[in-house]
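Here's a quick walk through this complex, with the sequence and the structure side by side. Have a look at the strands first, then at the domains and the confidence values.

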Amino acid sequence: MESRLLRVDLTTGECSVEVVPHAMFERWIGGSGINNWIMWEHFLTHDINCDPRGPDNIFVFGVGPLAGTGSGSGIKGRITFKSPCYGIFGDSAAGGKFPYMVRFAGFDYIAITGKAPRPVYLYLCDGEVEIRDAAHLWGKNTAEAHGALRQELGDYPSAAHTLTIGQAGEHQVGIAAVVSDASRIHARGGGGCVLGSKNLKAIAVQGSGGIRVDNPRGLLAWSRDFRQKIDQNEAIYGFKRRGTLGAVEMYQHIGSHFWRNNQGNMFRGEEVRSDNWVKKYHKYSEVCSADCYIACDGRYKIDGTESEKAKKYVGETFRRPEYLTTGSAAGALDLRDWAEVAHWGKVTNDYAIDNQDLSCSISFMMELEQRGLLSARDKGELFGRDQSLEWGNMEDVEALMHNIVHRENRFGDFFNDGPYWGALRYSEFKGENFMKYAIYGKGGASFTEEMRPFPTWMNNMAVASRGADHLKGIGLVEKFQRRDLSMKYFGRPEAADLTTPLLKGACTAVVENQVALLNSYGVCLFHWMLDPGGFTPEEYYGRAFAEITGIDRTPEELMRDGERICNLEKAFNSRLGLRREHDTVCERWMHEPCPEGMYPGKVASDMFETVLDEYYDWRGWDRKTGLQTASRLASLGLQDVAEVLAAEGALAPG
Amino acid sequence: MITINAQYQSRFREITGVEKEFFHLEQGTVAALAAQITGKYGPLMTALLMDEDSKSLNSRGTLYLNSKGQRVYLEDDLNEGETVFFMVGIAGG
Amino acid sequence: MSHTPQIEMVTGAIWYAAGSEIPDVEQKLYALSNQCTDCNICEVACSLVHSPDGMVNPLLARLHVDHSPQVGRKIVHPFAFVADICHHCGNPPPCAEVCPVDAFYYDPATNVAIIAQDKCIQCMECVPGCPFDVVFVAPDGELLKCDLCGGEPACVEACATRPEMSNAGKQYVRAPVLFHTDTAGYREVLQGKPEARDEVGMMQAMLKAGTVSSAA
């Protein structure tokens, strides 16, 4: 396995290149696993309690070994950093062409530290690195910056691909995102804020190198089999046409949406309730990430004939909204016109900001207004004007979004780290407790889906290492009641049964290990999720991993590798002082009954603690403190990590 | 003879062309319902609804619920007037 | 004739005598750019089967997804992409006609014109000589032209939007991006069902108008 790590210190302008040793792949697989280790090592010599917006924070970009090799399993690049908005471990993935172009330019991993004295961008081309002035890019949104870099760098030796931040990142908004090729967003955790704090506007790459594969014939055979399995499943065909948007109707049916700050869980707009709009707006062919056999992405174009509100956005064209774009716009904010939902997706992408935290911040304010908790004086203090806060009003939404992106008034400043910190700051400011209207899970991260009837999902929200999120231990077994998968993992059907807490925490633990593996391979989760032919990360993908790297592992060994990666993320958070009491969710989820839908009346507190206990048990962590144990870490070959934790009192006794 | 209401979403609706319809079954089982649906809509529906290998309902990327919100399986019984929802099972984004 | 890796890909390479009638290529290769999903698997597959040592590199591919398509000299849109592939013009093709050293030979299995790397002097005359800009230059200067893989193109097999995905019921006609049958297949899609026609020709029309949808 040939692989190189580029280290850039923006303070001094020094760049150095290291060979990533083969042993690193054997221990950490690649992708997010190696990213995590690079960050872990960095914080052994730097203060882990440093300000995430300061020069001591590290920003790691990495691609896994499967990415861009023609396996057809989709490419995901991964960024890893200490999150500025949640203050804990932070990472986020996105597809597109940027990650594989990084590999063609001769690098697999980029670690950025320090702070540039003025706005710069990083240019990589065929092993060469340059830190270039970015004064002309500063202030531009991601689409403009990407376009400018494309024009500036030309077509030789290849088209340029970019990673850029928008205005949100420039203003060091905590929930700012990083955008790859102007359309694919690393949204969670605030990576854009980290880059903004380092004065790094963009990374641009051009490359003409290649990726060497250990066994090309074996890989071609594997990818042919992979493709045939995908073709055999008719359900994937529907997925190609709609992407995750296909979930809208099913979520509406089971009551899994997030409506008006989760006061409800079903969409109310006639149009947004079905995916029929696909036919209306979706005028072009599917588009895909890169190196992907599914191609679930698409483009929309608004020509103004679709609806009254669409007239405002004539000519707008962008990527079709995914489910969470829709969930945040049509749900949290109650926008009822598809043109507005699509526009919301485009604007959050242009500003480069996480639409989950952003929509929950805005919907928090709208709920206060709805409940009559905001006087004219309160609004004056927050906005410096008499701001209208009406559900489903796009103008109000855009005004509030503008405030946060530019941190231009008290509201924008309070809520730049998302709804939890915003609500906390506002409560302190007013001397009154508004926390029960804030939606958040671990780390203060928010999420726009109904969680209360789904104990595994709720468990995900409480334990995900990067703050409340579904993509770490995604609870498909439970939401789709996949009895077959439950039998496969545990030999028992309970993980697929919504009425019992049994095996829910166990399911999170197992799936977290699998997802950690996939993220480390550098592939897309959707192929695995749709699972046309038993795409198990430890067996099926494991074979492709062996063809590419030459590292042959048994499925059991690979699952242990996945567990090791999860444990390093946990150890990072333990060093930051996170304990059992931090693995929790907001009051609305915990105590307010689920109001409607197919499973009404459920509250998280029914099963929450039982599931959490079971999760810790399966992980081999201490139930009381939530901390890791020396024996479990040792069994994973993480004695060095255990020593660090022990020295800081972050290891469970015994 | 019992009557079952079948409701289709998303890709299922695309194939059937209708949102819902009634089936009259001799035997009140999901297997009988699936046989009628696949018989009516042909190979495309069979490819979507059935899993050739395990001879059961295709569980991958799909969700079939009864009116109580429980997933139905081929061997399950159906009562008179029951509604079965055929949906795609996707999450995330 | 010396053995370059490329020539090894085709069976029993034959030089036609100067002035002899060379039959046209029967199997054509078409790319419907508006159907392209920009997945780049065709490039990867092409480079992998043509690479002697397992190197994946789209710049060594004999077809490209062009990310800066131009109308005249103007880049139409920073996010546009168009699949470019050799059209296998009538024999001898324009690229071979402009070659000063007659470095082209013809695969007897397919009659495809192929560049013999040992004769090629890398003057790059064939690059502007190609009316469709589909003779490519590798980073090391080697000229790259599609050889149809001896009749079974790897790119067609790998294409993510391929004919098999149209499925048994034909509810929604899914046109393949790449196909290498005769013109009938291409024509069928162009004149096909209304759902298919919505998309077909879209990219060409947009390119003509100078606007292309934004997605990368």
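In this predicted model, strand 5 (residues 62-65) of chain B runs antiparallel to strand 6 of chain B, and four bridges join the two. Strand 1 (residues 2-8) of chain B is also joined to strand 6 of chain B by four bridges, but that pair runs parallel. Here's one residue pair from each side:

| Residue | Partner in strand 6 of chain B |
|---|---|
| B:Q7 | B:F85 |

So how enclosed is strand 6 (residues 83-88) of chain B by the rest of the structure? Largely, because five of its six residues are buried.

Over in chain A, there are three domains: domain 1 (4-206), domain 2 (240-257 + 259-438) and domain 3 (455-647). The C-alpha centres of domain 2 of chain A and domain 3 of chain A sit 28 Å apart. Where these two touch, domain 2 of chain A puts in 15 residues and domain 3 of chain A puts in 12 residues. On the domain 2 side of that contact in chain A, you'll find seven nonpolar residues, seven polar and one charged.

Now for confidence. The complex as a whole gets an ipTM of 0.93 and a pTM of 0.90 from the predictor. Chain C has a mean pLDDT of 65, with 52% of its residues at 70 or more. Within chain C, helix 1 (residues 5-9) has the lowest confidence, a mean of 33, while strand 10 (residues 143-144) has the highest, at 92. Residues 163-177 of chain C stay under 50 in pLDDT, and the model gives them 42 contacts beyond four places in sequence.

Methods:
Residues are numbered from 1 along each chain as its sequence is written. Chains are lettered from A and ligands numbered from 1 in the order in which they are written. This is a predicted model: local features need pLDDT of at least 70, side-chain atom pairs count only at pLDDT 80 or more; totals for chains, interfaces and linings use all residues. Domain bounds come from an automatic or database domain assignment. Two residues are in contact if their C-beta atoms, placed from the backbone, lie within 7 Å. Ala, Val, Leu, Ile, Met, Phe, Trp, Tyr, Cys and Pro count as nonpolar, Asp, Glu, Lys and Arg as charged, and the others, Gly among them, as polar. A residue is buried if 20 or more other C-beta atoms lie within 10 Å of its own, exposed if 12 or fewer, and partly exposed in between; C-beta atoms are placed from the backbone. Two strands pair if DSSP finds at least two bridges between them. pLDDT is the predictor's confidence in each residue, from 0 to 100.
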